[in-house]
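Biologist: I am new to this structure. Please show me how to read a few of its features.

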Amino acid sequence: MASVLSEISVDCANPMLLARFWCEVLDFEVREEEVGLVSIGAPDGNSGAIVMTFAQVPEPKSMKNRLHLDVRPFGTDQQQEVDRLLSLGASYADVGQDEDVSWVVLADPEGNEFCVLSGNS
């Protein structure tokens, strides 16, 4: 027996803001929305695909994430994808990474760090 990763939950101040950002990043759509909670997933409605849920919490983010997402550009190169994500509201983040790493560390609009991998990472 094994478990299947089915959902990634993110605590945040503004669930719809982050849901819209991550929908654009991942080409997802809003699946469910209620007060203080928004879930997004792949547009094909595949019931086995990972869902991201954003839940409103009162406390602000206070330190570097212990768990983060890595995204890999598809159909474009790393720098073009970084530029696209910055235009959507991401920002560069410094988590102590070396200068010569093959990934770029960004943060979503609420400061949650994520990495943009190169094509061969």
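Modeller: Helices here are DSSP runs of H or I with at least four residues, numbered from the N terminus. The model is predicted. Arg20 belongs to helix α1, residues 15-26.

Biologist: Is Arg20 buried or exposed?

Modeller: Exposed means over 50% relative accessible area, and buried means under 20%. Arg20 has a value of 57%, so Arg20 is exposed.

Biologist: Where does Thr53 sit, and what does its side chain contact?

Modeller: Thr53 is in strand β4, residues 51-56. Its relative accessible area is 6%, so Thr53 is buried. The Thr53 side chain makes polar contacts with the side chain of Glu7 at 2.5 Å and with the side chain of Ser39 at 2.9 Å. Leaving out residues up to four places away in sequence, Thr53 touches Glu7, Ile8, Ser9, Val10, Leu37, Val38 and Ser39.

Biologist: How should I read a sheet, and which strands stand at the edges?

Modeller: Strands of a sheet pair through backbone hydrogen bonds, either parallel or antiparallel. In this model, four strands form an open sheet with mixed pairing, in the order β5-β8-β7-β6. The edges are β5 (69-71) and β6 (91-92); each has a single partner strand, so one side of each lacks a neighbour in the sheet.

Biologist: How many bridges join β5 to β8?

Modeller: Three bridges join them, and the two strands run parallel. Val71 stands opposite Val116 in β8. Helix α1 packs on this sheet, where α1 touches β5 and β8, and the direction of α1 makes about 35° with that of β5.

Technical notes: Residues numbered from 1 in each chain as written. Predicted model: local features only at pLDDT ≥ 70, side-chain atom pairs only at ≥ 80, totals over all residues. Heavy atoms only, no water. Buried < 20%, exposed > 50% of the residue type's maximum accessible area, 1.4 Å probe, protein only. Polar contact = N/O pair within 3.5 Å; in protein donor to acceptor, adjacent residues only side chain to side chain. Contact = heavy atoms within 4.5 Å. Pairing = 2+ DSSP bridges. Axes fitted to C-alpha atoms, helices over the stretch in contact; angles between N-to-C directions.
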